[in-house]
Amino acid sequence: LNPGGRLTSVTSSGVISGSHGVGGLVGLMEGGTITSSSTTGSLVGLNDTTDTNWFGGLVGYSFSGSNISNSSSNMTINVATHQSNVGGLVGYNDPTS
C-alpha cells in the first residue's frame, strides 16, 4: 500500500503463502491507511533460509507513516522456527523508515 493509499471495509479470507513481507491483506505497507478491515484464514511461510521474513495476519511489513485502525485478523500463521518478525496483526512495524 503506497503513501496516500486507502483500504476501507476490506475483508480477505483464504490461504496465503510466501517468503518475505507476507500479510493477510497487504505485504508491504509504505504509508497509507487501512480502516475497518479484517482477515481470516491461514498464512504459511515458505521455508526460506533467510532469517528476516515479516509475516503478519493483516500486514507483513509496515513502514513509518502507515495507519491501521478498527481492523483485525483471525489468521493462523505457520512459519519455520528460523523465520522472524511474525505478528498476529503486523509482522514488523518499522518506526524509522
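**View 1. Three aromatic pairs are counted in this predicted model**. Rings of Phe, Tyr and Trp (its six-membered ring) pair here if their centres lie within 6.5 Å; planes under 30 degrees apart are stacked, over 60 edge-to-face, and the rest tilted. W54 and Y61 make an edge-to-face pair, at 4.9 Å centre to centre and 90 degrees between the planes. Y61 also pairs with Y92, this time tilted, with 5.2 Å between centres and 45 degrees between planes. Y61 sits in strand β8 (residues 59-62) and Y92 in strand β12 (residues 90-93), so this pair ties together parts 31 residues apart in sequence. Ring pairs join W54, Y61, F63 and Y92 into a cluster.

View 2. Y61 is buried, at 10%. W54 is partly exposed at 24%, and Y92 is partly exposed too, at 30%.

**View 3. An open sheet of three strands runs in the order β2-β6-β10, with parallel pairing**. Strands (E, at least two residues) are DSSP runs numbered from the N terminus, and two of them pair if DSSP finds at least two bridges between them. β2 (11-18) and β10 (72-78) stand at the edges with a single partner strand each, so one side of each has no neighbour in the sheet. From one strand to the next the twist averages 10 degrees, using axes fitted to C-alpha atoms and angles from 0 to 180 degrees between N-to-C directions.

**View 4. The whole chain has twelve strands and zero helices**. Helices would be DSSP runs of H or I with at least four residues. The radius of gyration, taken over C-alpha atoms, is 12 Å, close to the 13 Å from the globule rule (2.2 Å times the number of residues to the power 0.38) for 97 residues, so the chain is as compact as a globular protein of that length. Of the contacts (heavy atoms within 4.5 Å) with a separation of 6 or more, 79% join residues 24 or more positions apart.

**Notes.** Residues are numbered from 1 along each chain as its sequence is written, and side-chain values use heavy atoms, leaving out hydrogens and water. In this predicted model, local features need pLDDT of at least 70 and side-chain atom pairs count only at pLDDT 80 or more, while totals for chains, interfaces and linings use all residues.

Conventions:
Buried < 20%, exposed > 50% of the residue type's maximum accessible area, 1.4 Å probe, protein only.
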